[in-house]
Amino acid sequence: MELPLELVNALRLAQRVTVLTGAGVSQESGLRTFRDAQDGLWAQYRPEDLATPQAFQRNPKLVWDWYAWRREKVCQAKPNPAHYALAAMAKRIPKFTLITQNVDGLHQAAGSPRVIELHGNIRRVRCSVCAQVLSQWDQPPDDVPRCPSCNGLLRPDVVWFGETLPQAELEAAFEAAQHCELFFSIGTSGVVQPAASLAYFAQQHGARIVEINAEPTPLTPFADFALQGKAGEILPALVKSAFLAQIT
Ligand code: APR
């Protein structure tokens, strides 16, 4: 893997690095990206038609079952070398911030110490009435579970299209983008706001942009380093070259 020496040296010397990941970093764990076609029963639906408050209002069982299907896939998935490489980076860079749009919890599973989850986490649920967040719940055999406190319908603790992002996480993400030397955009198509603005915001504040993605995106022309390929191959090679460390 031919890596730009300037990037390897910049990473080795970096004191503050911020990373934004998208579904592409979990693709090599066997999880479909958002723009991948859906399979089986769900092939007839588009995520945009299911991941919305209106869809849940209209047909809570359909939306709940789609997330139950995705949660099962997430729970079977294992972190891949891209996740481990980012966890290794966090150990070697003084000020390292990992922001993710993913809801699969695989960064935490790979040992990343602190993860800013912009779009929530599919392994948690939240009451659609009183907003209580739960990591476990009583699952009726074939119905949408209800809140133990107020009996409201439970929903996935994720951000749906048209919903606002968690304020604290969003502020932390922009703060980390504002104060970094290198901003990595990894495995994301860079089309969903406000996450897609973070890289430009970082660049406006002096950061150099590193994009690692399987295909070009709107960010590619603005990136200082654009590495096209698989995150599970490029990231371990980059971390190894910069820190001469083996990635588990
Ligand atoms: N390595 C690197 N990049 C990859 C890999 C891989 N192995 N596999 C796929 N990719 C790239 C694809 O080329 C694509 O550009 O990852 C990107 C994934 O883009 P999307 O599917 O749009 O996922 P993402 O950018 O995370 O979507 C952002 O949109 O649907 C909403 O809330 C949802 O968090 C999601 C947000």
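Residues are numbered from 1 along each chain as its sequence is written. Local features in this predicted model need pLDDT of at least 70, and side-chain atom pairs count only at pLDDT 80 or more, while totals for chains, interfaces and linings use all residues; side-chain values use heavy atoms, with hydrogens and water left out.

The chain is divided into domain 1, made of residues 5-31, 79-119 and 165-243, and domain 2, made of residues 40-76 and 128-158. These bounds come from an automatic or database domain assignment. Taken over C-alpha atoms, the centres of domain 1 and domain 2 are separated by 29 Å. Four residues from domain 1 and five residues from domain 2 take part in the contact, where contact means heavy atoms within 4.5 Å.

The largest nonpolar core has 33 residues. A nonpolar core is a set of buried Ala, Val, Leu, Ile, Met, Phe, Trp, Tyr and Cys residues joined through side-chain atoms within 4.5 Å; buried means under 20% relative accessible area, exposed over 50% and partly exposed in between, with a 1.4 Å probe and protein chains only. Leu 11, Val 17, Met 89, Phe 184, Ile 186, Ile 212 and Leu 235 have the most contacts inside this core. At least two core residues each are supplied by helix H1 (5-13), strand E1 (16-21), helix H6 (81-92), strand E2 (95-100), strand E7 (182-186), strand E8 (208-213), strand E9 (225-228) and helix H10 (231-243). Helices (H or I, at least four residues) and strands (E, at least two) are DSSP runs, numbered from the N terminus. H10 gives the largest share of the core, eight residues. Met 89 is in contact with Leu 11, Phe 96, Phe 184, Leu 235, Val 239 and Phe 243, leaving aside its neighbours within four places in sequence. A second, separate core has 18 residues, among them Cys 180, Phe 183, Ala 202 and Ala 223.

The structure also holds six aromatic pairs. Rings of Phe, Tyr and Trp (its six-membered ring) pair if their centres lie within 6.5 Å; planes under 30 degrees apart count as stacked, over 60 as edge-to-face and the rest as tilted. In one of the pairs, the ring centres of Phe 56 and Trp 160 are 5.4 Å apart and the planes stand at 40°, so this pair is tilted. Phe 56 belongs to helix H4 (residues 53-58), whereas Trp 160 is in the loop between strand E6 (154-158) and helix H8 (167-178); the pair therefore ties together parts 104 residues apart in sequence. Both Phe 56 and Trp 160 are buried. The ring centres of Trp 66 and Tyr 67 lie 4.9 Å apart with planes at 70°, so that pair is edge-to-face. Trp 66 and Tyr 67 are buried as well. Phe 56, Trp 66, Tyr 67 and Trp 160 are linked into a cluster by ring pairs.

Glu 117 is placed in strand E3 (residues 115-117) and, at 11% relative accessibility, counts as buried. The Glu 117 side chain makes polar contacts with the side chains of Gln 108, at 2.8 Å, and Asn 121, at 2.7 Å. A polar contact is a pair of N or O atoms within 3.5 Å; within protein, one must be able to donate a hydrogen and the other to accept it, and residues adjacent in sequence count only if both atoms are side-chain atoms. Not counting residues up to four places away in sequence, Glu 117 touches Thr 100, Gln 108, Arg 124, Pro 166 and Glu 169.

Some backbone features lie in loops. Gln 193 and Pro 194 are joined by a cis peptide bond with omega about -5°, and Pro 194 is in the loop between E7 and helix H9 (198-204). Ala 131, although not a glycine, has a positive phi of about 70°. Ala 131 is in the loop between strand E4 (120-127) and strand E5 (133-134) and is partly exposed, with a relative accessible area of 43%. Asn 151, also not a glycine, has a positive phi of about 70°; Asn 151 lies in the loop between E5 and E6 and is partly exposed at 47%.
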